[in-house]
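The following report describes a single protein chain for a computational reader.

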Amino acid sequence: MATVTRLFDSHTEALDAVSKLEAAGVSHDKISLVSNNADNWHSGTNGHGEGPLGDRNGDGENDVADGAGKGAATGGLLGAGAGVLAGLGMLAIPGLGPVVAAGWLASTAVGAAAGAAAGGATGGLLGALKEAGHSDEEANVYSEGVRRGGTLVSVKADDDEADRIQTLLNQSRGYDATTRGEAYRQSGWSRFDADAQPYSREQIELERARYR
């Protein structure tokens with residue numbers, strides 16, 4: 001079984017990818033999402049007097065935070081992705097700042113962090129990605145991507161499903177580790193540092209603007 005992962009700069013693009021995967025018949029227990037939440041997108045208003053982000057149905061509620069807990073009965077934004085996103089919760093993962101996550105990768109990351117605290121070699125998201133089968137380089141790029149404000153969508157795929165899943169994730173504007181790693185290295189980056197300061201909301205906005 002392979003692990004297919006893509007990095008998304010936009011919360012909505014990542015949620016769209018999850019919805020497309022489940023609509024295409026991918027079991028929700030094979031899908032995981034880890035999202036930087038420094039901008040509080042998943043749990044509150046946007047701070048600009050425009051009402052909650054993710055409010056597709058105009059009821060004044062954040063459809064992601066509200067709809068996920070209710071099985072997306074009214075949200076609309078979540079669509080078929082409610083199976084995975086109903087399990088969204090806040091996690092503390094070293095080096096990433098506020099994170100919202102759901103699924104197997106999140107559970108593995110928490111276990112890896114605990115193992116590292118007890119003397120294991122690699123903890124947190126970096127260790128979880130390696131355990132899932134990603135190379136050291138891929139794991140470092142994807143972990144850095146979340147630190148910089150991104151969202152990871154990872155799927156456990158049978159070998160005969162991997163190509164189809166990659167296509168679905170690419171269609172939702174997901175980036176692989178090679179493409180995004182090249183962009184990071186142009187600014188002198190070399191690898192993810194769990195001891196580095198997490199990105200602030202302002203830094204994340206600047207980072208996202210680079211790729212729009």
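## Conventions

A residue is called buried when its relative accessible area is under 20%, exposed when that area is over 50%, and partly exposed in between (1.4 Å probe, protein chains only). Helices (H or I, at least four residues) and strands (E, at least two) are DSSP runs, numbered from the N terminus.

The model is predicted: local features need pLDDT of at least 70 and side-chain atom pairs count only at pLDDT 80 or more, whereas totals for chains, interfaces and linings use all residues. Residues are numbered from 1 along each chain as its sequence is written, and side-chain values use heavy atoms, with hydrogens and water left out.

## Overall architecture

The chain contains 9 helices and 5 strands. Read from the N terminus, the order of elements is β-α-β-α-α-β-β-α-α-α-β-α-α-α.

Of the 212 residues, 48% count as buried. A contact requires heavy atoms within 4.5 Å. Among contacts between residues at least 6 apart in sequence, 68% join residues at least 24 apart.

Helix α5 is largely enclosed by the rest of the structure, because 6 of its 8 residues are buried. These buried positions are Gly-124, Leu-125, Leu-126, Gly-127, Ala-128 and Leu-129. Just after α5, Gly-133 adopts a positive phi of about 110°.

Helix α6 comprises 12 residues (136–147). The expected span of a helix is 1.5 Å times one less than its number of residues; for α6 this should give 16 Å, and the end C-alpha atoms are 17 Å apart, which agrees. The helix is mostly covered, with 9 of its 12 residues buried. The buried set consists of Ala-139, Asn-140, Val-141, Tyr-142, Ser-143, Glu-144, Gly-145, Val-146 and Arg-147. These residues pack against the strands β1 (2–8), β2 (31–36) and β5 (151–157) and against the helices α5 (124–131) and α8 (177–185). Gly-149, which follows α6, has a positive phi, near 110°.

## Pocket and cavity

Rolling a probe the size of a water molecule over the atoms shows where empty space is left. On a 1 Å grid over the protein atoms alone, a cavity is a set of points where a 1.4 Å probe fits but cannot get out, while a pocket is an open set with protein on both sides within 12 Å along at least five of seven lines; lining residues have an atom within 4 Å of a point. Grid points are joined across faces, edges and corners, and a volume is the space filled by probe spheres set on the points.

The largest pocket holds about 210 Å³ of space. Its lining consists of Asp-9, Ser-10, His-11, Thr-12, Glu-13, Trp-41, Arg-173, Tyr-175, Glu-205, Arg-208, Tyr-211 and Arg-212. Two or more of these residues come from each of α1 (11–23) and α9 (201–210), and α1 gives the most, with 3 residues. By class, this lining has 3 nonpolar, 3 polar and 6 charged residues; Ala, Val, Leu, Ile, Met, Phe, Trp, Tyr, Cys and Pro count as nonpolar, Asp, Glu, Lys and Arg as charged, and the others, Gly among them, as polar.

There is 1 cavity of 30 Å³ or more, and the largest cavity contains about 40 Å³ of space. Asp-9, Gly-145, Arg-148, Gly-149, Gly-150, Arg-180, Tyr-184, Glu-207, Arg-208 and Tyr-211 line this cavity. At least two lining residues are supplied by each of α8 and α9. The cavity lining divides into 2 nonpolar, 3 polar and 5 charged residues.

## Selected residues

Arg-173 is situated in the loop between α7 (162–171) and α8. Although not a glycine, Arg-173 has a positive phi of about 70°. Its relative accessibility is 44%, so Arg-173 counts as partly exposed. Arg-173 also belongs to the lining of the largest pocket.

Asp-195 lies in the loop between α8 and α9 and is exposed, with a relative accessible area of 71%. The C-alpha atoms of Asp-195 and Gly-95 are separated by 5.7 Å, although the two residues are 100 apart along the chain. Arg-212, in the segment after α9, counts as exposed at 67% relative accessibility. Its C-alpha atom is separated by 9.8 Å from that of Ser-10, 202 residues away along the chain; Arg-212 and Ser-10 both line the largest pocket.
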